[in-house]
Amino acid sequence: MHELAITEQIAEIAIRHGEQHQAQKITDLYLVIGELSTVVDDSVQFYWDLITRDTICEGAELHFKRVPAIFRCQECGKEYRLADGELQPCPFCQSSRMEIVQGKEFHLDSIIVE
Amino acid sequence: MPRKVTIVESIHSANDQLAGENSRRLRKAGLFSVNMMASPGAGKTSLIEKTLARLTPHYSIAAIDGDVATSIDADRAAEAGAIAVQINTGGQCHIDAHMLRNALDELDLPEFDILLVENVGNLICPASFKLGTDRNVLIASIPEGDDKPYKYPAMYQDVDALLINKIDLLPYIDFDMDYFLQGVKMLNPGLVSFPVSCKTGEGIDAWIDWLEDQIKGSKTT
């Protein structure tokens with residue numbers, strides 16, 4: 001149950017940037033969430049509607065861009081993804097020496113203001 | 001007119017900033033701090049008791065225990081020789097940097113050499129909320145199963161040490177250590193790991209030696 005804390009953090013960042021840009025209203029938020037970062041489910045939208053009442057974010061819509069995890073094998077250099085959401089050794093050469101190329105993202109990319 | 005404002009700011013930026021402040025404050029007071037994370041029942045409190053038993057003759061230690069409710073863990077840490085502060089998170093599944101800061105206010109920091117933070121039992125949330133401790137340690141345990149690195153990758157990615165507790169149960173449980181360690185290696189190559197048993201005391205020496213090396217190393221830098 002960390003979604004409430006995360007939702008509060010999202011609202012704090014959005015309102016701070018909105019105010020810096022003299023926004024009357026924030027209508028949309030674009031979030032980028034990597035497959036290997038925090039688990040975030042639909043309850044964020046529920047908390048969002050509750051905690052942004054009477055703020056410039058009230059009624060704003062949250063858009064989640066999910067970024068799949070990509071690994072690069074340190075042996076053969078090929079890139080691969082999770083298999084059915086599960087971590088696996090390199091499917092090409094079976095090495096378990098790999099680096100994470102993407103999937104750890106967790107940021108507010110942009111907002112639409114009026 | 002609607003317009004787009006580009007932000008690109010980490011959702012954890014406010015917490016990370018507070019974690020940085022905690023880190024500076026702890027270092028200034030000369031404390032070496034460790035954040036202990038694990039699932040419920042992995043043996044966090046037992047391991048902290050074992051650690052305290054070994055270190056309290058040589059160091060002055062504060063313990064901060066996070067739990068959703070009750071002060072059982074802080075009571076056990078106090079019994080084992082630490083000055084303990086309980087954080088009740090009121091339903092939150094993790095300690096965040098702000099909660100740690102408030103708990104630090106209750107301690108006379110320069111009095112202590114070491115701070116042990118026992119996070120809330122959970123394998124998802126504590127991974128995302130940095131506290132500002134010098135080291136982050138994960139405690140896995142044999143009964144949890146060998147698939148945990150595969151199911152909770154975020155937890156295994158950024159820790160500095162891994163304790164594998166309850167190894168005395170290995171003869172009774174289907175736990176494939178090679179499969180488990182392969183998952184760990186994929187997420188965190190070179191992660192130092194200590195198979196231990198709080199029950200028999202096996203492996204505790206190696207963990208304490210590592211911890212003391214880390215403490216000594218932090219004093220010289």
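A residue is called buried here if 20 or more other C-beta atoms lie within 10 Å of its own, exposed if 12 or fewer do, and partly exposed in between, with C-beta atoms placed from the backbone. Helices (H or I, at least four residues) and strands (E, at least two) are DSSP runs, numbered from the N terminus. The model is a predicted one, in which local features need pLDDT of at least 70 and side-chain atom pairs count only at pLDDT 80 or more, while totals for chains, interfaces and linings use all residues. Residues are numbered from 1 along each chain as its sequence is written, and chains are lettered from A and ligands numbered from 1 in the order in which they are written.

Chain A has two helices and six strands. Along the sequence they follow the pattern α-β-α-β-β-β-β-β. The radius of gyration of chain A, taken over C-alpha atoms, is 18 Å, well over the 13 Å that the globule rule (2.2 Å times the number of residues to the power 0.38) gives for 114 residues, so chain A is more spread out than a compact globule. Along the principal axes, the C-alpha atoms of chain A fill a box of roughly 55 × 30 × 15 Å. Of the 114 residues in chain A, 28% are buried. Two residues are in contact if their C-beta atoms, placed from the backbone, lie within 7 Å. Among contacts in chain A between residues at least 6 apart in sequence, 75% join residues at least 24 apart.

Two loop residues of chain A have a positive phi without being glycine. In the loop between α2 (43-51) and β2 (61-67) of chain A lies Asp54(A), with phi near 65°. Asp54(A) counts as exposed because it has 6 C-beta neighbours inside 10 Å. Gln94(A), with a phi of about 70°, sits in the loop between β4 (79-81) and β5 (98-102) of chain A. Its 11 C-beta neighbours inside 10 Å are why Gln94(A) also counts as exposed.

The next topic is the interface. Here 30 residues of chain A are in contact with 30 residues of chain B. On the side of chain A that touches chain B, the elements giving two or more residues are α1 (3-20) and β6 (106-113) of chain A. The largest share, eight residues, comes from β6(A). By type, the residues on this side are 15 nonpolar, 10 polar and five charged; Ala, Val, Leu, Ile, Met, Phe, Trp, Tyr, Cys and Pro count as nonpolar, Asp, Glu, Lys and Arg as charged, and the others, Gly among them, as polar. β6(A) also pairs with strand β1 (residues 3-10) of chain B in the antiparallel sense, over six bridges, where pairing requires that DSSP finds at least two bridges between the strands. Within this pairing, Val113(A) has Arg3(B) of β1(B) as its bridge partner.

In chain B, helix α2 (residues 44-55) is mostly covered, with nine of its 12 residues buried. Among them are Leu47(B), Ile48(B), Leu52(B) and Leu55(B), but also Lys44(B) and Glu49(B).

Helix α3 (residues 72-79) of chain B has Asp73(B), Ala74(B) and Ala77(B) as its buried residues. Seen down the axis of α3(B), these fall within an arc of 95° (taken over the directions from the helix axis to the C-beta atoms), so they line one face of the helix. They pack against α2, β3 (61-67), β4 (83-88) and β5 (114-118) of chain B. Ile72(B) and Glu79(B), on the other side of α3(B), are exposed. After α3(B) comes Gly81(B), with a positive phi near 110°.
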